[in-house]
Amino acid sequence: MTAVARPPATGKSLSIENVVKRFGDFTALGGVSLEVPSGEFLTLLGPSGCGKTTLLRIIAGLEVPTEGRVVLLGQDLTPLPANRRPVNTVFQSYALFPHLTVRENIAFGLKSRRMDKQEVERRVRYGLEILQLEKFAERLPHQLSGGQRQRVALARALVNEPQVLLLDEPMSALDAKLRAEVQVQLRRLQQQLGLTFILVTHDQDEAMAVSDRIALMRMGHLEQVGTPDEVYERPRTRYAAEFLGAANLIKGQRHPMGFEAPFGKLALNRTPPWDEGYVAIRPERVRLSEVEPRQNGLRVRVREAVYRGAYQEVWLEPCDLRVRTAPHPTLQAGQELWAELPVDSLVVLDE
Amino acid sequence: MRLNPLIGITAIATLAFLYLPMLAVAVLSFNKTRYGLTWSGFTWDWYGRLFSNPEILEAARNTFLLAALSTLVATVLGTLFAIALERYPWPRKSQGFLENILYLPVVTPDIIFAVALVVAFGAFRMVSSLFEPGLFTMILGHVTFQIAFVALTVRSRLKSLGHDLDEAARDLYASYGYYVRRVLLPLLMPGIVAGAMLAFTLSLDDFVISFFTAGPTSQTLPLLIYASVRRGVTPEIHALSTLIFLLTVLLVLASERLTRR
């Protein structure tokens, strides 16, 4: 296979420096700074309206920041219009040119730069090959399925050898099964090419599946940036804990030896920075047993147990905990048992 | 619910009401007698005479020249106007104003426009003899009412395209010119052609504006028909009317097909 991608440059590739974007009175981005190393798969994750797409569009040059800079490999991109930036975008709607065939769509970014004919042909062939589109080369976009269109959009962006590939919710139009498949392919493609990918999504599963790092956004700010397991296992805030997966949030007071919840005292491995606040624990981290655990054990009663096939979901009283465990056929509502909240699994939230 | 057969009958009666007069004209254009409404045999004669009558040929030439030139100008201006209206970042208020003003020529009675043109050309004549009544003033007159129709058709096409493709083209290194040539115009083409056909038809059939702006040497077919009818309706006029009607129908059908795509 002919390789188009260059080896990743070392060190930092893209830096977003204190970017602010206001639309009239509305502040879409309130000073975002972020470093993205070359070859990283970064995901901007957040609900709609959190500013993730605006940030992506600012990197693409489709939106002008009110303040701040976008610097790529030492070069300030901010004054450059979209058509002069070495970045390409896969749009949410794919935005394929409906009057051009798959081949012509893929060649568009090469021809618009008046690239040499043979080089255009070589790269188009490469794009068709890497995304398995050879069979569809002469078709028009409306003759393709959603998944095929998405591959054309990817190929059309990738053949330009962008320094950074921007993906704006590219999977939102695909059905769940295909989406899972495409996520794996996308991750593989990124690693194979060694390119920097920035993906925008509101789907936390997708973010976890593909990313090197996740930048969780909230109301125009970065809430937490880290690897998927950092953000999942060590959320810093209630928002982060609740946005990624399910979490039990326990409100209580700081106590000399740990934490005092309404249902009892819990030991923590870190002293909370507040007098009153929250600790979090993931449902799959709570352990259920017949015997009293050595630490952080609670006597609980099963309020409801729902069989979900691969796992079982259990709600406990009186502490109102949600637990996810391996299927446990004997577990029934009303049953009394012990729940352990392991110290290492209790996360102290900053806010 | 059973549909009342009266509804169907009403529809057919309405169609008959609309098209019977035209059908009568078409039938009479094949009638052998010159005068009267009695049928006395089939003939192509009147069509033959049509094409050997220098006055009619001259009028036909004028009509098509006028329609072609005015359509050309109106199509270019109307398309540019539609693009500017739809794509230029107008403040919300001026956009609404421009939209309304675009519709105005469509609903204003022709006669008002015609009178306004007469006044305007009269004033311009003091500056240049170009504005003497004739083909040039007729072209200007026709362009004024054609632009709105072209702009409206092109604009509805533009609206359906959205902004995605324009951003995708920019993202893919296209200059504005490259985008217009390779993306915007090819995609707008059905709308532009449909608009042009509509404009052509309107020019072909126009009487009022032509009547007020024509000069002695720029007689068009509708003007000729009007003048002839005052002298008495002849089968030649029937033949001519039938031809113009057929041409109009063809153009409208073609334009319909293009906009539907």
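Residues are numbered from 1 along each chain as its sequence is written, and chains are lettered from A, and ligands numbered from 1, in the order in which they are written. The model is predicted, and local features need pLDDT of at least 70, side-chain atom pairs count only at pLDDT 80 or more, and totals for chains, interfaces and linings use all residues.

The predictor assigns the complex an ipTM of 0.83 and a pTM of 0.81. Confidence per residue is given as pLDDT (the predictor's confidence in each residue, from 0 to 100). Chain B has a mean pLDDT of 89, with 98% of its residues at 70 or more. Among the elements of chain B, helix α4 (residues 92–107) of chain B has the lowest mean, 84. The highest, 94, belongs to helix α7 (residues 164–171) of chain B. Helices (H or I, at least four residues) and strands (E, at least two) are DSSP runs, numbered from the N terminus.

Chain A holds 8 helices and 20 strands. Its C-alpha trace spans about 75 × 45 × 40 Å along the principal axes. Of its 351 residues, 40% count as buried. A residue is buried if 20 or more other C-beta atoms lie within 10 Å of its own, exposed if 12 or fewer, and partly exposed in between; C-beta atoms are placed from the backbone. Two residues are in contact if their C-beta atoms, placed from the backbone, lie within 7 Å. Of the chain A contacts with a separation of 6 or more, 66% join residues 24 or more positions apart.

A nonpolar core is a set of buried Ala, Val, Leu, Ile, Met, Phe, Trp, Tyr and Cys residues joined through C-beta atoms within 7 Å. The largest has 102 residues. Those with the most contacts inside it are A:I59, A:A155, A:L166, A:I198, A:V279 and A:A339. Helix α4 (residues 146–158) of chain A gives the most to this core, with 6 residues. A second, separate core has 32 residues, among them B:M138, B:A151, B:F200 and B:L258. In chain A, A:V279 touches residues including A:I250, A:F259 and A:L268, not counting residues up to four places away in sequence.

Strands pair if DSSP finds at least two bridges between them. Strand β3 (residues 41–45) of chain A pairs with strand β9 (residues 213–218) of chain A in the parallel sense, over 4 bridges. Here A:L44 has A:A215 as its bridge partner. β9(A) also runs antiparallel to strand β10 (residues 221–226) of chain A, with 5 bridges. A:L216 is bridged to A:Q224 in β10(A). The hairpin of β9(A) and β10(A) has 2 residues between the strands, and A:M219 takes a positive phi near 45°.

α2(A) is mostly covered, with 8 of its 10 residues buried. These include A:I106, A:F108 and A:L110. The buried residues of α2(A) pack against β6, α3 (117–130) and α4 of chain A.

A:G334 lies in the loop between β18 (321–325) and β19 (336–340) of chain A. A:G334 counts as exposed because it has 10 C-beta neighbours inside 10 Å. A:G334 touches A:R301 and A:V302, not counting residues up to four places away in sequence.
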